Amino acid sequence: MKRILIKNARIVNENEVFNGSVIIENEIISEILRDGKEPLATCDEVIDAGQQYLLPGIIDDHVHFREPGLTHKADIFSESRAAVAGGVTSFMDMPNVQPQTTTLETLEQKFELGAKNSIINYSFYFGATNNNTELLKSLDKTRVCGIKLFMGSSTGNMLVDRMAALERIFNKANILVAAHCEDQNIIRQNTEAIKAQYGEDPDVSLHPVIRNAEACYSSSSLAVSLARKTDARLHILHVTTGKELQLFEDKPIKDKKITSEACIAHLFFSKDDYATLGTRIKCNPAIKEVTNRDALRKALNSNLIDVIGTDHAPHLLTEKIGGTLKAASGMPMIQFSLVTMMELVKEGILSIEQLVQKMCHAPAELYEIHHRGYIREGYQADLVLVNPNAEWEVTSQNILSKCAWSPLEGHRFTSKVEKTFVNGKLVYDSGLVDETYRGEELKFRLQ
Ligand SMILES: [Zn+2]
């Protein structure tokens, strides 16, 4: 049995930061030693962390890796490679691919693609439509992370807005329903009004006027009321407004059935950034006023926002040409999610313990992931070593996503991911990815 010792680390876990060492045996964290305590048995390999932070690997509950069918934009191999370079060790991928993941067959095909192509651990959402509710009860609760519900159209055509269908989905779902909430009628009205004033394809700065706070609140409050009525397990994705926060309870995850996610782009950018970044930061729901961004940031210090995801949604730059109606919505983000949040830690927006809570522990708890998301003895050794004092710049040379651009190009970060372990294997090390490694299927709700 191979034993790896990571010593002299500042371990961030379960609301504390302490000096210590971790021993990995094969795939598992076998021992956690506090302070300078030496291991009893010898280790085959010793890594001196030099007082860098050792965190549980990031679990991203919201990605679009575009496979199958949209692989000119991205694929599971390319994006899991970018992810591991960013300290992400597990992802949950959305169903708006081609063909859409809305049948048991297409779901099975995605699991096969994950096993074949993913460098990190993976799971896949099942897409709910107006007419596949009968399949929901046959989903394997231990394999499928959740049901994705588009309440309001986004990229791909999985809009579910007939009230009867919505209620049926909430009733039949026996696992978590993750919802994209934007009211289609409000968006349609806003679009017509803006087009009448500004022409066929208005400037991207009008995106948050079309997809406004009212559209978000109208849809998320409907989702919350339906979930309450049916006692469903609801997770509202990419919350973008301060107003929506009043729909949630400031309670631990275990004490509630309605939870929420905020995404990196909405926590980092605001409407003011359209002037310099244009359609690169166009996404749905839209990036809004700085007051909304700041309300989301504040909520990270409570349980009003439970998890931080990326909504990593790559497009080619040529697909991002145009204004608010023509340019594609979504941006790549997964490679830089951890370092972006480290910037907010340095700004005092949240503590590093809270970062680990929202990006590692909370997704594990919320989705009931088996033995991941914490630095605990007996858990899978998904770990990331972060240097908090290393300045570097995002350039076209170090972007690993297939689309080869980032809204963060030119941004200088002051923290750097040095090493990422996936199931005890050092898969990312100082700029190099072990492309031969394959991750494991995430397991959920095991008793
Ligand atoms: Zn998404």
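Which residues touch the most other members of the largest nonpolar core? I looked this up before anything else. Of the 98 residues in that core, Leu55, Met341 and Leu355 touch the most other members. I take a nonpolar core as a set of buried Ala, Val, Leu, Ile, Met, Phe, Trp, Tyr and Cys residues joined through side-chain atoms within 4.5 Å. Buried means under 20% relative accessible area, exposed over 50%, and partly exposed in between, with a 1.4 Å probe and protein chains only.

Notes on the model. This is a predicted model, in which local features need pLDDT of at least 70 and side-chain atom pairs count only at pLDDT 80 or more, while totals for chains, interfaces and linings use all residues. Residues are numbered from 1 along each chain as its sequence is written, and side-chain values use heavy atoms, with hydrogens and water left out.

Entry: Helices (H or I, at least four residues) and strands (E, at least two) are DSSP runs numbered from the N terminus. I listed the contacts (heavy atoms within 4.5 Å) of Leu355: not counting residues up to four places away in sequence, Leu355 touches Leu55, Leu338, Met341, Met342, Val345, Leu350 and Cys360. Another core, of 19 residues, lies apart from the largest one and includes Tyr125, Cys145, Leu176 and Ala178.

Entry: the sheet. I found 3 strands forming an open sheet in the order β6-β7-β8, with parallel pairing. Two strands pair if DSSP finds at least two bridges between them. The edge strands β6 and β8 each pair on one side only. Neighbouring strands of this sheet are turned by 20° against each other on average, direction ignored; the axes are lines fitted to C-alpha atoms, for helices over the stretch in contact, and angles run from 0 to 180 degrees between N-to-C directions.

Entry: strand β7. Why is β7 largely enclosed by the rest of the structure? It is because 6 of the 6 residues of β7 (residues 88–93) are buried. Strand β6 (residues 58–63) is joined to β7 by 4 bridges, and Ile58 has Val88 as its bridge partner in β7. From β6 the chain crosses through helix α1 (residues 76–85) to β7 in a right-handed β-α-β crossover. Right-handed means that, with the strands pointing away from the viewer, the path from the first strand over the helix to the second runs clockwise. On the other pairing, 4 bridges join β7 to β8 (residues 121–124), where Phe124 stands opposite Asp93. β7, helix α2 (residues 104–117) and β8 also make a right-handed β-α-β unit.

Entry: two single residues. Pro314 is in the loop between β14 (307–309) and α10, and is buried at a relative accessible area of 0%. Leaving aside neighbours within four places in sequence, its contacts include His64, Arg66, Met331 and Cys403. Ser219 is in helix α6 (residues 213–230) and counts as buried at 4% relative accessibility. I noted that the side chain of Ser219 reaches the backbone oxygen of Met151 at 3.4 Å.

How values were computed:
A polar contact is a pair of N or O atoms within 3.5 Å; within protein, one must be able to donate a hydrogen and the other to accept it, and residues adjacent in sequence count only if both atoms are side-chain atoms.
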